[in-house]
Amino acid sequence: MNPALAVVLSNPAIWCGGDCAPEPAALPSGFPALDAVLPGRGWPGNALTEILLEREGIGEIRLALPALARLQAQGRDIVWIAPPHVPYAPALATAGLDLARLLIVRCRNPADQLWAYEQALRAPECGAAFAWLGSHDDRLMRRLAVAAREGRTWGVLWRRPGQRAIATIASLRLALAPQEGRLSVRVMKRRGGDLAQPVLIGGKGTAFNA
């Protein structure tokens, strides 16, 4: 490489296509190995993240808890739209969540779910909005992405086992699976270069979903 060009590219303000793109609104995940491969070293704090599950109960919620506790410490609320199971309150409280600032929304139909999710994403007091939705078209997903950006909210679309990834507008897409007592996090899409190997969260011999 030309020495003069090398000097230019060494500037931290320059982003190269093979690198992980910067994300100024990133929210640290609380897991250094994961932060190391995420744009801005954390969850996108004003965009949609799509998470696909191989199966449920593998520690998927635990992966999000440090960031949720951090948001609540900043005075922001957490909203979950149509979770498939009743959250286990003692475990959430032990992880540092203020249950009084965690809102669980149940809806009668998919249209109500979408409406409630969009409102949560746009609400300035909402730091994170999680939703367990069925499949919807890209037009609706784009609207949700705009709501997350304008509301400066970390939005997560959880895809249950068997559901396909559809949120092409999501800035980050992960696939989670259990692996020898740890949680395998495969980065399927991010702003920046591809990641060939999954990130393993949790020490060997320690069940991440415990």
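## Helix pair H5 and H6

Helix H5 spans residues 110–122 and helix H6 spans residues 138–151; the two pack at an angle of about 25°, with axes 7 Å apart. The model is a predicted one. Angles under 35 degrees count as roughly parallel, and H5 and H6 are therefore roughly parallel to each other.

Which residues make the contact? From H5 come Leu114, Tyr117, Glu118, Leu121 and Arg122. From H6 come Leu140, Arg143, Leu144, Val146, Ala147, Ala148, Glu150 and Gly151. Sorted by class, the contact of H5 with H6 holds eight nonpolar residues, four charged and one polar.

## Chain overview

The chain has 210 residues, and buried ones make up 46% of them. Its secondary structure comes to 10 strands and six helices. Take the contacts between residues at least 6 apart in sequence: 67% of them join residues at least 24 apart.

## Helix H3

H3 covers residues 60–73 and carries a kink of about 35°.

Nine positions deserve a look here, given by name. The buried residues of H3 are Glu60, Leu63, Ala64, Leu65, Ala67, Leu68, Ala69, Leu71 and Gln72. After the helix comes Gly75. The phi of Gly75 is positive, near 90°.

## Nonpolar cores

The largest nonpolar core has 35 residues. Leu34, Trp43, Leu63, Leu68, Phe130, Trp154 and Val185 have the most contacts inside it. Several elements each supply at least two residues of this core: H3 and the strands E3 (48–53), E4 (77–81), E6 (126–131), E7 (154–159), E8 (172–179), E9 (182–189) and E10 (199–201). Which element gives the largest share? H3 does, with seven residues.

Phe130 is one of the residues with the most contacts in the largest core. Leaving out residues up to four places away in sequence, Phe130 touches Ala64, Leu68, Val79, Trp80, Ile81, Tyr117, Trp154, Val156 and Trp158. Of these, Ala64 and Leu68 are buried residues of H3, while Tyr117 belongs to the H5 side of the helix contact. Another core, of 22 residues, lies apart from the largest one. Its members include Ala129, Leu133, Leu144 and Ala170. Leu144 also takes part in the contact of H6 with H5.

## Arginines in loops

Arg55 is found in the loop between E3 and H3. Is Arg55 buried or partly exposed? Its relative accessible area is 41%, which means Arg55 is partly exposed. Arg55 and Pro178 are 123 residues apart along the chain, yet their C-alpha atoms are separated by 8.4 Å.

Most residues other than glycine have a negative phi. Arg41 has a positive phi of about 60° although it is not a glycine. The loop holding Arg41 runs between helix H2 (32–35) and strand E2 (43–44). Arg41 has a relative accessible area of 53% and is therefore exposed. Arg152 is not a glycine either, and its phi is positive, about 55°. Arg152 is placed in the loop between H6 and E7.

Key
Residues numbered from 1 in each chain as written. Predicted model: local features only at pLDDT ≥ 70, side-chain atom pairs only at ≥ 80, totals over all residues. Heavy atoms only, no water. Bend = angle between axes of the 7 residues up to and from the residue. Helix = DSSP H or I, 4+ residues; strand = E, 2+ residues; numbered from the N terminus. Buried < 20%, exposed > 50% of the residue type's maximum accessible area, 1.4 Å probe, protein only. Core = buried A, V, L, I, M, F, W, Y, C linked by side-chain atoms within 4.5 Å. Contact = heavy atoms within 4.5 Å. Axes fitted to C-alpha atoms, helices over the stretch in contact; angles between N-to-C directions. Parallel < 35°, antiparallel > 145°, perpendicular 65-115°, else oblique. Nonpolar A, V, L, I, M, F, W, Y, C, P; charged D, E, K, R; others polar.
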